[in-house]
Amino acid sequence: MGETTLGFSSDYGPGQNCAGTNGIDRVYSVAVQPGEELVASITPSVDLSLSVGTSAACTNAARVCLAGDDSGGATAVNSVRVPNHGATPLTLFLFVDSYSSSIVGSFDLSVAVVPIPPGEVCQSAIPLPTDGGAVTANTLGATNDYGPGTNCVATAGRDLVFSVEVPPGQRLSATLVPGTDLSLSVGTAAACVSSGRVCLAGDDSGGTYATQSVAVSNPGSGPMPLFLFVDAMQASVGGHFSLFSEVGPIAPGDVCATAPQLPTDGGVLHLDTSGAVNDYQAGANCPGGAGPDLSLAVLVPAGHRLEVTASPASGQYNPSLALVTGPPTSCATPRACAAQEDSAGPGAPEVLRWTNAAAGDETVFVIVDSASATGAPVGVSAVTSTPPPGETCANAEPWAGPASFTTSGYSSEYNGGVGCGAVSTGGSGRDRVFSFLVPAGQRLTTTVVPQGWDASLSLVSATQCSFGAVACLGGASGGGFGASQSATYSNASTTDALVFLIIDGVHSSAGGGFSLDAAFTQAPVPAPAGETCGVAPTLLDGAVVTATTAGLANDYASGFGGSCEGLAGPDGVYRVTLEPMTRLTATVVGLGGFDPSINLVASIAQCTSTLDCVDGDDSGSANAVNTVRWANPGSTAHDVFVVIDSSTASAGAFELTVTTQSLPPFVAAGDTCATAPPLSLGVPVTSTTAQLQSDYTTSASCVGGSWADGVFSMVVPPLQQLTVHAVPLGAQDVSLDVVAGPATSCAVAPRVCLASSNSATAGGAETVRWVNGLSTQAEVFVVVDSQWGEGPFTLTPSVAPLLAGEVCGNATAIAPGVLSGQSTTGYSNQLAPVTSCTGYGAGGPDRVYAITVPDLQRLTVSVTPTGSGDPAIYLVRGPGAACTSAPTCLDGDDSGAASATNTATWVNQTGGPAEVFVVIDSAAGAVPSFTLTTSIGAP
């Protein structure tokens, strides 16, 4: 290692895009000319990071880096790339740092300034024709510049960028014909950022060689510059393709801007979506929109309810309906729907209802879509009428005493929020609204008993009861079908308060008859908060307290564990004793404009000056309800601590509500690994995490959150790759973990996962992959969890054979001689030995060969690249079980330039023939072509 951080000091701390910045740092500078890019990497002996920036990264406060990398293990290669798209030279500074001041060591620094390749990034995008012509290219020489984002598909691989300008009133249609498994996404400049990127559309459907298509319309008054991204699902996937593009007029109804008027006289308008394109994807409270769609404009009088019916002409077509308010531009990505309907099956009519609670008439847009990639004829009709009492908060029914009601015939108006019942996890069932006047100092308790369906309750203030997302004063859900639900609210003010009770269905289209009762009791007396966990007062189930953080100190100013939120202000603490098999839900709302945060600590041992939180919430505004949850699945009582804090230094008053709920028994199917139902290959399973408990949370190798989780078992055949695809059917942020069997391994603390996935945002699909490199079948458990929310999902498992040489278990047998035309393209990174094998990390795709070496003979193996790529070579002694992810090597080599021949040797002195695995690897990226030369002879 030629460089070191030993003897240097820590001058630069955290900053935007700066990686691993709490340790000793060393700085280098390099000049990058216009049209060139900096490509730099470090190969460390300890856990070092690499960041790059302009002089804005050289400040001690509010520093900003352009890029940073601290990924992988302690000796992983970290890389950065920064292009200069300006007209003048750019001076960049490279920072070699670490996440701790105790980490110092040596490293190799590689720096190159090269021309920006065409298509590498948006600024050097390749222009596309607009007449239907094609551009041919290959992603193998590209790098991965653009990662996950809203509507951006399959983004882990190498990507190329193309540009086209769409005139006003025109649309772009683009088709990708790949030679391997590639994806196609399109977006404006918002898709060109490194994080938080937003695409307008994307396609990664079909098999490896499937054609992908996107279409984007420009309904505006000026030209629309667009960027198209050819990418892949895996880092190792790349290859050639043809990209066809054409710009033409927008057809009537293709987008909201050209939507024809839908009459409201009940007459049927006959449409055919098969001639349309897929303009609108999924969105907040919107159904999945993978198919071609058509848009219709509807005028809804003030105070009237719209009812739209879509009747498919085919028994196989399954349409969906979405309603968007506002101008036509509201239909564009990222869109949010005021109402949606996709509950009926193929061939059955879908009926969408929405009420115009505004003071004036309103034109809305109804989008006829489908989850199917192909369209079909469909009849659409609409009528308007006076809404029934309780349809919205605007015409809520005043509660007049215990009675029976129904949600049948009502629509789904409220579909999201914080601190609510199932509404907060995407409850899209029918809802009905009642109003209550709660006297000052009184506590309202509402109780609903549904007749055979799964109900939720949400209590909302008069100022927060808006369509779509709501912020709740209290809520309840999770009891199951037919279970009674109760929600409470205490009016701690000095005036009467008008509140609304929204009775909703946990599942799409759920609803039916129910009974409603309510009671008013004296509100609890305000209770002070404890200064620390050690003196925290104990709260009982159902406690509602009003208190303030004024006069308290900021005892807990920092936290770790991945869940702590808002720890900058004075803080107060409460203790809750959870009985066995119970679940705690604690909510806090600010009073008088105060914006509190809430954190949950699982034991007093974690109540140090740096909190270790199991859950935390500081979302929304001062009026939002923040919620934490935790379950005690044990057999003894357990104390937990609720910490009320703030993201600012200010103090203020708050209302804290604590409720506990009995957990379902462990025998519930899928609640734990011990009760996991089996998955069948290729067979989608629709299930839900609602009513289950949170058994499995985040660890060093797992991404499971603090919400309820469900588990499935799977037997993976030998030498096969398992792929599991999860699609949430609500707004929850689903995550996936794969745990090795037996079932008892799921309960080991800290939990160890074979593979994990949590790359998508809320409502997005997740895909996890794991390779069984053994010669025997392997039992695994798939844990479906969430970083936010609970609810239904669809899970699809599949397996596929491994490429020859993917792992040691199916290594390609070789004999002494020369093998030319070899490649690691298409392979994955199964082996990543420490630097003791070659002197460098090995994070690239690897390929394994097997050879038998006679006793007292020397094995010599060399690898020579015949094109791009920088191969490494190392030897691992058999049997195959020795090929762990970080194997011990007999010898290895990754020296010299990228074009150099690397050689590994080993003399067999074991007393008999020995099996040796020859692994061709790289520090990063595939090796497209290499020659392998093998010889065996006397030492």
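Biologist: Which residues does Cys331 touch, not counting those up to four places away in sequence?
Modeller: Cys331 touches Cys256, Tyr280, Val324, Phe365 and Ile367, where contact means heavy atoms within 4.5 Å. Residues are numbered from 1 along each chain as its sequence is written, and side-chain values use heavy atoms, without hydrogens and water. This is a predicted model, in which local features need pLDDT of at least 70 and side-chain atom pairs count only at pLDDT 80 or more, while totals for chains, interfaces and linings use all residues.

Biologist: Is Cys331 buried or exposed?
Modeller: Cys331 has a relative accessible area of 0% and is buried (buried means under 20% relative accessible area, exposed over 50%, partly exposed in between, with a 1.4 Å probe and protein chains only).

Biologist: And where is Cys331 placed?
Modeller: Cys331 is in the loop between β23 (319-324) and β24 (339-341); strands are DSSP runs of E, at least two residues, numbered from the N terminus.

Biologist: How many strands does the whole protein have?
Modeller: The protein has 64 strands and zero helices (helices are DSSP runs of H or I, at least four residues).

Biologist: What share of the residues is buried?
Modeller: Buried residues make up 52% of the 939 in the protein.

Biologist: Changing topic, what is the mean pLDDT?
Modeller: The mean pLDDT is 85, and 95% of the residues reach 70 or more; pLDDT is the predictor's confidence in each residue, from 0 to 100.

Biologist: Where does pLDDT stay under 50?
Modeller: That occurs over residues 422-427, for which the model has 28 contacts beyond four places in sequence.
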